[in-house]
Every structure is written in C-alpha cells, then in structure tokens.
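Dear colleague,

Please find the structure below, handed over for your further work. My findings are set out after it.

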Amino acid sequence: MTSDERPAWCVVGRGTGGRCALVELDALGARLREVEIEPERLADEVARRESAVSPRWVWSDTPTWYARLVDAGVTVSRGHDLRLIHVILRHSEMVREARALREAVDWDAPIDLQLEDRSAGETLFELDASSARPGGVPHGIEEALTEFARQRAAIDGATDPSRLRLLVAAESAGGLIAAELHAAGIPWDVAEHDRILAESLGPRPSPGHPPARMVESAAQVREALGDPQLSLDSPPRLLRALHRAEIDVESTSKWELTRYDHPAIEPLLRYKKQSRLLAANGWAWLDEWVHEGRYRPVYVPGGVVTGRWASSGGGALQIPRQLRPALRADEGWRLVSADVAQLEPRVLAAMSADTAMATAGAGKDLYSGIVDAGIVASRQEAKVGVLGALYGGTTGDSGRVVPRLRRTFPDAMALVDGAAATGERGGTVSTWLGRSSPAPEAAWTQAQTSAYRPEASSGEQERARRSARDRGRFTRNFVVQGTAAEWALSWLAALRLALGRFEPVAPEAAAPASGPVFARRAHLAFFLHDEVIVHAPADQAEAAAEAIRAAADAAGRLLFPGSPVDFPLDLTITERSPAS
DNA sequence: TATACGCGCGCG
DNA sequence: AAAGCGCGCGCGTATA
C-alpha cells in the first residue's frame with residue numbers, strides 16, 4: 001500500500017488550532033494522507049481533489065460543511081453525511097450489531113437549523129470549539145474518523161449490505177441536494193404573487209389593516225348570522241354563532257361546513273380561504289422569504305421518520321397550488337416540471353412483486369388501469385380504494401373497495417397487511433433499502449400488556465386496541481411511504497449527476513440569482529416528495545426533460561432490478577409553473 | 001409575558 | 001363523501 005494510492009474517501013473535520021483537517025482513506029478505510037489547512041483554503045483543496053479523484057466526501061453533517069463550499073462555488077459529486085447515516089444505522093433492522101453506534105449518543109443530535117439557515121456575512125469556517133453548539137454533532141476530525149469506522153463496520157456486517165449502501169448513498173446525496181436547492185432558490189415572481197393576492201384579497205392594505213375583500217366577506221358572514229360583532233377568527237365563538245343560526249356543525253372545519261345550505265356558508269368558506277392565504281403566504285411572507293427573485297427554503301433531509309424530507313421556514317412543502325404561477329423561470333430560461341404518476345402504489349407493486357398491480361399500472365395511469373381491469377367502476381373509486389389500502393382505511397368508500405383490491409392484488413395487499421400486523425404487535429418494519437420504523441414507546445407497550453390482564457376494564461381494552469390499530473396504520477404506511485422516499489432520492493441523485501454534466505451556457509445567458517454554481521447550467525430548483533422542478537436555460541430544457549425521465553428509469557432499475565413496474569412521469573416545460 | 005397545545009388547512 | 005398516512009405553520013386559547 002503506497003501513499004500515492006487513489007483515495008476512495010476524503011474525511012473532513014475540524015483539526016487543531018482552528019484549522020481544517022482532510023484525511024484521505026483507501027477503499028478499506030486505511031489512512032493514506034492527511035493535511036491540516038487554514039479554513040480559507042478548504043474550498044480550493046476540496047475542488048482540487050474533486051476534479052482529480054472525485055472521492056466520496058465524508059463529514060459530520062452537510063449543512064455545516066457543504067453550504068459554505070457551494071457559496072464559494074465548489075460542488076462535489078458524492079458525499080457521506082455522518083449525522084444522517086448514523087440515525088438510519090442505529091435503528092435499522094439490517095444492522096446486526098448496533099451497540100457501538102447506539103452508545104455514540106453525540107451523533108444522535110437533531111439538525112441544527114440555526115446553522116443550516118445561517119445568515120449571510122457569517123465568517124467562513126468558524127468551527128473552533130467556541131462555535132460548537134451544545135447538542136449538535138461533533139465536528140472534529142478524530143470523532144468523524146471514529147464514527148465513520150463504526151458506520152462502515154455496521155454496513156459491512158449488515159444482513160444486506162448492498163441495499164443499505166444504496167440507502168446510505170441516496171440519503172447522503174439528499175443532503176448535498178438540499179444544500180444546493182437552498183443555494184439556488186426557487187425563481188419567484190413577486191409581481192405575479194402580488195397579483196394573485198390582490199385578486200383574492202384586494203390590494204395590499206397598510207400594515208395592521210385587513211384586506212378589503214376579507215372585510216367584505218366577514219361582513220357578509222356577520223350579516224347572514226345576524227351577529228354584527230362576531231369575530232370569525234375565534235373557532236369557539238364562531239361555533240356558538242353557527243349554532244345560534246341553527247347550523248349544527250361539530251366543528252368549524254371546511255368539510256363539515258360544506259354540507260350545510262345556509263347563506264352564511266359561502267362567504268364563511270371564502271373568508272377562511274382568504275384568511276389562510278393571507279396568514280400563510282401573504283405580503284408578509286413575500287417580504288420575509290423572497291429576495292432578488294428567489295425563494296430559498298430550508299430543506300431538512302430525513303426530517304420525517306419515514307425518510308421523507310421536511311422543511312423549515314416559509315412552509316416550502318405547502319406552497320398552495322393557487323400560487324404556483326408565481327414560480328417563473330428567469331428571462332431566457334424554462335421550468336421543467338415533473339411528477340411521478342401514483343408513485344406509492346407503484347412502489348408497493350414493485351416491492352411486493354405483485355404482477356397484477358404492475359400490469360394495471362403499465363403504460364400510464366394506474367387508477368384507470370384498475371378500472372379497465374373491471375375491478376371498480378370509476379377512477380375515483382380506484383384512487384380512494386388504493387389510498388385506503390396504503391393508509392389503512394376501513395370506512396366509507398375505501399372500506400368497501402379494499403376487500404376487492406385484496407382479491408385482485410394479493411401480493412401487494414399481503415405486504416401492507418403484514419406491515420400493519422407487525423405494527424399492531426409492537427414490532428418494527430423496514431423499507432426496501434433498510435430504514436426501520438421507530439420502536440414503540442415504553443408507555444405504549446405497557447398499555448398493551450396491561451390491557452391483556454383479565455381484570456382490565458373494557459374501556460382500557462378498547463383504548464389499547466385502538467392504539468394498536470393506530471400503530472398498525474403507521475407501520476402499514478411506513479414501508480410504502482419510506483420506500484417511495486428512497487425511490488425519489490435515487491431519482492434526484494441520478495438527475496443531479498446528469499445535470500452536473502451539462503455544458504455551461506454563455507455568460508450572457510446566465511441566471512445570476514441562482515448563484516455562481518448554478519447560474520450557467522440547468523439545475524434543480526424544487527423538490528416535493530414525488531415532484532421536481534429543474535430551472536434550465538431554454539436550449540437545455542429538452543435535454544433536462546430527457547435527463548429527468550432517464551433518472552426515473554434508472555431509479556426504478558436500481559431499486560427493483562428486473563421488476564416490470566414502470567414509473568411514468570407527467571412532464572411539462574414552461575416559463576411559468578401551471579396552476580393545475 | 002412567555003410557553004404549550006389543539007385546531008384548521010396547506011402540501012404529498 | 002370527506003376517510004386512512006406523513007408533515008409545517010399561524011392562530012386562539014389555556015396555563016404558568
């Protein structure tokens with residue numbers, strides 16, 4: 001083993017005296033070289049190694065290290081996020097020996113959102129001891145090397161190392177992508193957003209005043225209820241006023257109100273919609289979150305137990321469809337939007353190797369395929385039934401359709417029914433690539449045990465059964481939602497690498513607001529569970545669309561080699577995102 | 001005055 | 001018709 005061997009990994013961490021340490025490892029984890037450098041030189045040193053050997057970069061957590069590199073104009077193609085991977089491995093059923101990982105409690109820290117959303121102007125790489133936040137993961141190089149060795153041992157000794165390695169790579173790629181999405185931002189048309197607000201609410205009022213059209217709606221509600229002083233924003237008072245008008249709802253929720261025919265209902269529903277728009281995405285939101293034509297949400301990979309991403313600040317994953325037209329490509333650029341048709345049922349069909357379900361989905365619309373197979377009469381019934389199968393629905397339309405699906409798709413239904421049964425018993429279930437559901441809380445297990453005693457009251461038994469069913473629905477959905485998240489991460493990861501190979505466009509065609517790394521080529525701009533938006537120079541839009549399709553095919557083959565299940569996309573190239 | 005919690009609704 | 005899974009956020013209300 002010689003020192004000029006090509007490194008497979010490069011571990012980055014805090015060294016001595018405020019310097020950064022880089023340690024290159026060979027494929028077996030043996031140290032090849034190590035250097036300590038001043039923090040200002042880190043971006044250059046990373047860029048040099050990336051272009052020479054493109055190692056997999058290992059660091060404590062991606063927001064801490066990578067956001068600064070991206071800002072400095074440096075990207076890397078592959079990473080290993082010790083914090084994200086630690087959380088997966090310490091719970092994974094695939095890991096045979098997790099004791100050492102579980103004892104490394106420092107690595108079980110939640111993401112530090114302050115750091116992720118760091119403000120501009122903060123000095124680069126102030127990673128000395130004084131800036132380490134209590135409760136965060138360790139950033140020192142020796143801690144990183146030790147944890148990395150633990151993680152490699154856990155993966156190598158797993159029941160299915162190759163699947164777990166796919167998950168580790170996909171999760172880490174997600175970390176890189178989240179940082180890049182934040183840096184690039186979503187191209188946002190403030191004028192269009194303002195126009196949509198004005199259309200619904202009236203022109204922007206002066207601070208502290210309600211918009212005119214909301215005042216109007218509220219007045220109509222008060223008039224119809226005969227209560228001139230009523231405050232619509234207080235659910236208890238509104239409920240009492242509705243009862244006085246003989247509208248016998250149990251809550252003030254929208255779905256319940258729509259069932260009543262009364263002159264107050266229409267303006268009340270309108271008021272609620274206006275109120276929601278104003279509070280969640282009104283002018284204050286615009287002022288706070290959109291700057292220089294970009295909305296830059298903070299994405300939180302692994303933020304959901306199932307492996308889905310969460311977000312923090314601005315409600316990035318809940319942008320109302322109504323505001324979609326405010327997403328607008330820069331001049332000379334396009335938005336390439338793609339979403340997967342029925343991702344979760346297709347993932348279920350592939351996991352369970354249910355050939356009947358694969359056949360129903362072959363081509364385009366899975367729900368229509370179920371109708372065509374003569375199982376249900378309408379697409380809507382098919383959809384409600386499939387969602388009921390995934391979520392554990394027992395009542396209403398879904399409860400009626402699920403038994404038919406159980407006969408038609410026995411393998412798919414056996415998989416989710418089995419996951420539900422395991423959850424009801426207090427067991428753990430896992431996704432296709434090995435992310436496992438959390439164990440039940442001690443109080444849950446205690447309550448189940450207690451309810452089994454002969455002297456347990458019927459109320460106690462009923463509560464225990466209900467909570468067992470609740471947990472069963474969670475584990476039922478966990479395996480599908482979690483595997484769909486793995487598919488989506490694989491899709492994104494493949495797409496990102498493909499876009500990274502696009503030729504830069506001429507400087508005069510650049511989109512400077514996207515930042516130095518992304519301004520001159522097609523790049524990811526938005527991700528939402530089963531949907532991506534790529535911001536692309538007009539003459540790269542078609543190629544980007546093809547890359548999105550190719551990445552979806554690649555994700556399917558990677559996770560489910562040989563499976564007949566396909567993952568068709570709805571794909572559009574536009575200047576402005578359609579309201580749909 | 002600050003914090004915790006439930007409601008309602010936006011997204012998949 | 002409005003359920004069955006996973007979230008984040010703003011609001012009003014209750015509690016300290």
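This is a predicted model: local features need pLDDT of at least 70, side-chain atom pairs count only at pLDDT 80 or more; totals for chains, interfaces and linings use all residues.

DNA strand C is surrounded by 25 residues, the closest being Asp233, Ser234, Gly313, Gln318 and Arg473. Of the atoms of DNA strand C that come within 4 Å of the protein, 72% belong to sugar and phosphate.

In serine 234, an N or O atom of the side chain is 2.3 Å from a phosphate oxygen of DNA strand C. Glutamine 318 has a side-chain N or O atom 2.8 Å from a base nitrogen of DNA strand C. Two or more residues of the surface near the strand are given by each of the elements α12 (265-281), β10 (310-312), α17 (379-391) and α21. Helix α21 supplies the largest share, four residues.

Serine 467 is also found in helix α21, which covers residues 458-500. This serine counts as partly exposed because its relative accessibility is 23%, which falls between the limits of 20% for buried and 50% for exposed. Apart from neighbours within four places in sequence, serine 467 is in contact with Trp444 and Gln448. Tryptophan 65 is 402 residues from serine 467 along the chain, and their C-alpha atoms are separated by 42 Å.

Yours sincerely

Methods
Residues are numbered from 1 along each chain as its sequence is written. Chains are lettered from A and ligands numbered from 1 in the order in which they are written. Side-chain values use heavy atoms; hydrogens and water are left out. Buried means under 20% relative accessible area, exposed over 50%, partly exposed in between (1.4 Å probe, protein chains only). Contact means heavy atoms within 4.5 Å. A residue is near a molecule or strand if one of its heavy atoms lies within 4 Å of it. A polar contact is a pair of N or O atoms within 3.5 Å; within protein, one must be able to donate a hydrogen and the other to accept it, and residues adjacent in sequence count only if both atoms are side-chain atoms.
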